Amino acid sequence: MQIGVTTDSSVRNSSSRPAFAGLVSALGLLFFLSIFFCNPTPGRAIPAFARKYGLPCSACHEAWPMLNVFGQTFKDNGYQLMNDRDSPIWQNPSYWPITFRITPNWNRESTNKVAVDQPNGSQIEEEVNSNGFDITGLDFHTGGTLYKNYSFYVLPSSDSSGNFHFETVMARLDNIGNSPWFNFKLGKFELDNIISEKRILTISNDGGYYQLYHFIPLGDSNIFGQMGDNQLGIELMGHSLNDRTRYSVALLSSNDGQPGLPSRNAYNTFVAASQAFNAGYQGGVDRVGAYAMIGSGPTYNLTSNGVPITGVGNKPFNREGVFALLYVKKLDFSLFYQHGWDSAYFGTSTPSSAPLPPGAQAPSWNGGFVEAHYVFNPQLIVIQRDEFVRMSQQALVTTPGNWGNINAYTFGFRYYPFMFSRAGFAYHAEYALIQQQGASPITNTQLNNSSVFLGFDFDF
Amino acid sequence: MRTRTLKLWLISSAATVVFFATAVHAQQTEYSENQRLNMESHVDGMTGHATTGQPIYKRFCVGCHGPLGDGQGENAQWIDPKPRNFTIAIFRCRSTPTGTLPTDTDLYDTVGRGMLNSNMPHWLPLTSQDRVDLVAYVKHFSPRWLTEKPGTPIVIPPEPEVTADRIKEGRVQFQKLECWKCHGVTGQGNGPSADTLVDDENRPIKPFNFHDSQNFKCGSSDQTMYKDFMTGLDGSPMPSFSDNLKPEDAWDLVFYLRTLQPDNTKEKQIAKQLGLTPINPLEPLPSSDSGQAPSSDQGTNPSSQPPSNPPSAPAQPAQPATPPSTSQPQSNNSGNE
């Protein structure tokens, strides 16, 4: 599926720097010229919804794909505006709620310490840079209402080589008993993260996700506590009419969203609650909330002829924290804090059927991020994010205290040259840097990864 | 040679006149626009400013109502009912008499409530201040707000107790005022005139179907329904009955209409006990004077005019009641808010 990729993976040397700098400069200049010399007209997100309701994308998105308070309400109502026009019977019979999204791009990936094979068969750590033209995976979003107060979302998603999986498959009963406080969802879905990683404004390899939504301490085997991954389960969710007050409780299989029932009696619960308010600084509706993900997951698999058949040996884990959305006119902040804890079996990657190594203890950590947005207008948004993860207790008492700590920085902007209800397009430029202590493959020293990403992000 | 000079003089003079006239017009237009951008709104102690409402309007509203507020947004062509044209400042949901401007609170309530059976959602998720600012910006589209003041809100008397007699009397009013001609004898919006109705821009419009929802176009309370009778829904064929309907009769009608709606209300229970059937327009009206329309000197406007869009029924099986009237100039907008 890659088209015209020029993956120039090379060990950096001093003579390549001027040529690379020239290439980046030329691409950057071309990118900016294309932005400012194309004919901008007044941008808008899942166009399938926009087409249905005739609203501009900016009505639901602070900047596509990030939701604003109205868009969050629309989502919480089961993709309904609650104006008695939500049933598909009101649509032209030819209307089908489908949207695709993909992003052709040029990107540069850099890692300061990669285990590079040597002619003598050994490996040494060297810096490796790659750059070239590329495409992202393809998302097919289909969602909406099957009938009034019966909604759905199906999202087949591929990687950049075209291998598809189901990112989301869910159906939802909305406003049960005519009350917005009771909505029931079944399937594979995004957890109720108000600061949604699925609607993140940064999309590069290193900046396109929140570290804390997927954080696993170095050497830890617990993949089930990733609150950024869509999970299989059921969810009860409710909210006030204006969505100021909202809650959700989800019961999830501990399989990290992988279908096929790969674990036995392992479940976890994700709960979230938040309250919105108007602090009076304009720009949006402020919100504070808390969440927790508590449960257990398997520590090893039963196998048959060497093939894993089910996960067993469940051990506990938890993630909990607080978040806030704060607005000051055109500037807004997304704040996130997390405390995490894993069983010592996960921390040391030990099956529960085996004894723990000496000095084993439950790893725990604290982390947070601040993501700032400056919305010049609905067509131009600047994004900056600083994220930090700090281990507070290692799985082994002999491990250095800062092993696995992360600093991550992301900066970028998105410009939407047009805004209308049929499609979305954004010029996207981004730089992201991740620093993790002790993660280099040979020397266990600080590993740095960075991404530069310039692309056309579009959906229709 | 002289003729040529004269021609040049005339052409240059005409050009000068056109130039200055254009400049003056541009100045006046700019002045008017600037003056209207100073528009304020006042709701519950909050003050809205058009300039602050402008970016909010452009983010949320422009797709349907258009950048000029004329209801010609890019999505308008796909929407039915059509978006409200703000430039003529005629609104359906008001607390003020027909033909007058609504209060700021009326517009604020509409923004927060949305419009039933239309694409207009409720904008409750926005902050109260955002909605007040939006109201100010909506007002800035029409020069009427510079020269006219909103009408005085009608007084809604206390709601009486629901009784069987009141519901029966409401049924009489439903027949007498010829509500059935548009709304149908069962209130399903299928009266003999239903297919002929148009709004003030000559676009087909459907009468309200009471069986669809417990809500009304402009709200869900009994007071809302009472208010709709007395103010009319400007821009639609629904006239004001303020000159023809006594307050107690209006309440009776409210109670009767509640029996037509889907929820199991007290009115509906009473109607069931009474074995109330839909009206029969061919049956003569009861002779009780409780259902008589008020004489002209009882009305609020003795010089009332015929309704702006009198329902036109192909058949007139019953004696028509005194026609409902509007006391203000005919409105000329349409669609929805």
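The domain assignment of chain B gives two entries, domain 1 (38–147) and domain 2 (164–298); such bounds come from an automatic or database domain assignment. The structure is a predicted model, in which local features need pLDDT of at least 70 and side-chain atom pairs count only at pLDDT 80 or more, while totals for chains, interfaces and linings use all residues. Residues are numbered from 1 along each chain as its sequence is written, and chains are lettered from A and ligands numbered from 1 in the order in which they are written.

Taken over C-alpha atoms, the centres of domain 1 and domain 2 of chain B are 28 Å apart. Their contact takes 14 residues from domain 1 of chain B and 15 residues from domain 2 of chain B, where two residues are in contact if their C-beta atoms, placed from the backbone, lie within 7 Å. On the side of domain 1 of chain B that touches domain 2 of chain B, there are 6 nonpolar, 4 polar and 4 charged residues. Here Ala, Val, Leu, Ile, Met, Phe, Trp, Tyr, Cys and Pro count as nonpolar, Asp, Glu, Lys and Arg as charged, and the others, Gly among them, as polar.

What does the secondary structure of chain B come to? It comes to 11 helices and 2 strands, and along the sequence the pattern reads α-β-β-α-α-α-α-α-α-α-α-α-α. Helices (H or I, at least four residues) and strands (E, at least two) are DSSP runs, numbered from the N terminus.

Of the 337 residues in chain B, 47% are buried; a residue is buried if 20 or more other C-beta atoms lie within 10 Å of its own, with C-beta atoms placed from the backbone. A nonpolar core is a set of buried Ala, Val, Leu, Ile, Met, Phe, Trp, Tyr and Cys residues joined through C-beta atoms within 7 Å. The largest such core has 126 residues, and V135(B), F229(B), A250(B) and V254(B) touch the most other members. Helix α10 (residues 247–258) of chain B gives this core its largest share, 7 residues. Leaving aside residues up to four places away in sequence, V135(B) touches S41(B), V43(B), G48(B), D104(B), L107(B), Y108(B) and V111(B).

Turning to the two chains, 22 residues of chain A are in contact with 23 residues of chain B. On the chain A side, α3 (57–60) and α4 (69–76) are the elements that give two or more residues, and α4(A) provides the largest share, 3 residues. By class, this side of chain A has 12 nonpolar, 7 polar and 3 charged residues.

Conventions: Buried ≥ 20, exposed ≤ 12 C-beta atoms within 10 Å, placed from the backbone.
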